[in-house]
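Subject: Two-chain model, handover and notes

Hello,

Please find the structure below, followed by my notes on how the chains meet and how each is divided.

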Amino acid sequence: MPEIKMIVCCKQVPDPEAPPVVFKVDSATNKVTLPPDVKPVIGQYDEFAMEAALKIKDKAGGKITILSLGNKLIRDVVKKTLAVGGDELILLEDEAFEESDSWSTVYALAMAIKKIGDYDLIFCGRQSSDWDAGQVGLGIAEILEIPAITLARKVELVDGKVKVERVIPDGYEVIEVGLPALITVTSELGSLRYAALKGIMVAAKKQPIIWKPTDIGIEPSQVGAAGRRVKLAELFQPVKEAKCEVIEGETSAEAGANLAIKLREAKII
Amino acid sequence: MAEYKGVTVYGELINGKLPSITTELLGCGRNLADDLKEDLSCLLLGDTVGETPKEAIAFGADKVYTVEDPSLKEYQADTYIQVAEKLAKETSPRIILMGQTSIGRDLASRLAFRLGTGLSTDCVDLSIDPETKLLRQTKPVYGGNAQAIFTCDIMPQMVTIRAKAMSPIDRDDSRKGEIIPTKVEIDLSQVRTKVIEKVKEEVTGVKLEDAPVIISGGRGIGGPEPFKTTLKELADVLHGAVGASRPPADNGWVPEAQHIGLTGKIVAPDIYIAIAISGASQHIAGCSGSKNIIAINKDPEANIFREAKFGVVGRYEEVVPALTKKVRELLAE
């Protein structure tokens, strides 16, 4: 079989592991604000997608192209995908890509993939770590008219086909599909490996390829905020009243026993 | 151009019955249809739909479209999408409601892109804007750290709804409705994927989604054993089930079926005891509907205490056995 060509879609997002208390919304602009010490990262689910591609490459070789869409992408963040073993990084980077929704993101990514042209497998995270929509992978597959399997926890190449373990509510199902295909990946696949020093050095020397909307044959009016199909009316943080009653005790064990008494008094048990 | 009218629920069938998510969708759809003064329809598909159309009417549907075909026995994207697309195009609903379930999250995006419309997934609140008549679609974003309200002026307006976020209406078997058997020719040449096997990972004891009490453990539990001993003992005393946040599931300490959170199970028990769980937003998304959240954590600053009604600050290894012992005594009285 000729060299397998893989594409992984990765999104730069505000760090989802940032503590909830530092997370603020500016309701005037409907935008999220985070303190400067919270650095952007590659979305956690996209990292699993990257790991899925690397596992295939470990066994069968092949080439991994990473696609990332946004504006002012931080090189140290997106180049992590090269440091762990990606071969090529293409950034769809332009002001026009700002404030994309699932539709405008999908459209731009699908057009970029058409421009890449030659591919066997596309990997996406099951959902982004910011808007949590979970539409991009399936949308790309619809536009490219290729089959898609969601929520993969294991992906293998077998006799020129892909065998996927897909998570379902009471277990998993094993699904087989021909190439090309799109796979969305979930957390059980496993965390993204750490970059080796050699990988970091290789990545440092590589420059990402930058594509503007016109490079992928689309007008700025079809991408970003202008290409949205859903409008964001409001962004807000639900109000939370802090009301936890902390049960004390001389020792932790006594506090545990006191908790039982309290739950009884409150008629919870 | 077609006139878009009415609300359609894409129902699901589990073992020949309507699961709670479908009755929740019908309850929500009924309210929206009443606000619009339009009809509520429901699509039910499978190899056979049995008595479920009558059930759907009892839970609020005015019309039920049924599609029966041997190829629809199990969910497969490439067969179900053919039915979903055809029905949407022929009936042109103003609003399509689906569950944020294994099937719904796989099918809804495909359908939205085929219909060329927008979609909001995992909604927790829906209402009709009195002026524009558009659907206001509220969904948690940023892992639950914020909520967004979306609107879409392309028809049909499509959403998926989080389990337990909506309430069914009371079942009324005297409600009248129309059952419309519908034939859809399913083109099997368009089925590109092949399911080779299904593997069940059984969880013993009370099913998590139905349990009135859940004892849940997090990263701080430290390994698989305490889930089977310390947590299990407390669960047994309270006739509850054992759950977990994402790290124990990802580390293989518990099966994925026990994972509660944004990307796992959504639960809403009477009592939710979160043990050694920090309370990341992704986890809270799965348990915030619980009536009483109780937190046990050694870190007094843990976010879980912002969600809890009662809490104990301390090492779970000491707190939980004493709690279990005292609960056993109190319940025996």
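In this predicted model, the interface between the chains takes 65 residues from chain B and 67 residues from chain A. On chain B, the elements that each supply at least two residues to the side touching chain A are α4 (102–115), β5 (119–123), β7 (135–141), β8 (146–151), β11 (193–200), α7 (246–250), β16 (310–313) and α9 (316–332). Sorted by class, that side of chain B has 28 nonpolar, 20 charged and 17 polar residues.

Strand pairing between the chains

Strands from both chains take part in an open sheet of 4 strands, in the order β14(A)-β8(B)-β7(B)-β6(B), and the pairing is antiparallel. Its edge strands are β14 (231–236) of chain A and β6 (125–128) of chain B, each of which pairs on one side only. On average, neighbouring strands of this sheet are turned by 25° against each other, direction ignored.

The link between the chains in this sheet is the antiparallel pair β14(A) and β8(B), which has 5 bridges. Within that pair, Glu234(A) has Ile149(B) of β8(B) as its bridge partner.

There is also a parallel pairing between the chains: strand β15 (residues 245–246) of chain A is joined to β16(B) by 2 bridges. Here Glu245(A) has Phe310(B) in β16(B) as its bridge partner.

Helix packing between the chains

Two packed helices are described by the angle between their axes and the distance between the axes. I looked at two such pairs.

In one, helix α5 (residues 136–144) of chain A packs against α4(B) at an angle of about 45°, and the axes are 8 Å apart. α5(A) and α4(B) are therefore oblique to each other. Their crossing is right-handed. From α5(A), the residues involved are Leu138(A), Gly139(A), Glu142(A) and Ile143(A), and they meet Ser109(B), Arg110(B), Phe113(B) and Arg114(B) of α4(B). By class, this contact has 3 nonpolar, 2 polar and 3 charged residues.

In the other, helix α7 (residues 252–265) of chain A crosses α9(B) at roughly 40°, with the axes coming within 7 Å. The crossing of α7(A) and α9(B) is also right-handed. The residues of α7(A) that make the contact include Ala253(A), Ala257(A), Leu259(A), Ala260(A), Ile261(A) and Arg264(A), while those of α9(B) include Glu318(B), Val319(B), Leu323(B), Lys326(B), Val327(B) and Leu330(B). Taken by class, the contact of α7(A) with α9(B) has 12 nonpolar, 2 polar and 3 charged residues.

Domains within each chain

How is chain A divided? The assignment gives domain 1 (5–227) and domain 2 (241–269). The centres of these two domains of chain A, taken over C-alpha atoms, are separated by 45 Å.

Chain B is assigned domain 1 (7–190) and domain 2 (208–332). Taken over C-alpha atoms, the centres of the two domains of chain B are separated by 33 Å. Their contact takes 7 residues from domain 1 of chain B and 8 residues from domain 2 of chain B. The side of domain 1 of chain B that touches domain 2 of chain B has 2 nonpolar, 3 polar and 2 charged residues.

Regards

How values were computed
Residues are numbered from 1 along each chain as its sequence is written. Chains are lettered from A and ligands numbered from 1 in the order in which they are written. This is a predicted model: local features need pLDDT of at least 70, side-chain atom pairs count only at pLDDT 80 or more; totals for chains, interfaces and linings use all residues. Two residues are in contact if their C-beta atoms, placed from the backbone, lie within 7 Å. Ala, Val, Leu, Ile, Met, Phe, Trp, Tyr, Cys and Pro count as nonpolar, Asp, Glu, Lys and Arg as charged, and the others, Gly among them, as polar. Two strands pair if DSSP finds at least two bridges between them. Domain bounds come from an automatic or database domain assignment. Axes are lines fitted to C-alpha atoms, for helices over the stretch in contact, and angles run from 0 to 180 degrees between N-to-C directions. Angles under 35 degrees count as roughly parallel, over 145 as roughly antiparallel, 65 to 115 as roughly perpendicular and the rest as oblique. A crossing is left-handed if the near helix is turned anticlockwise from the far one by less than a right angle, and right-handed if clockwise.
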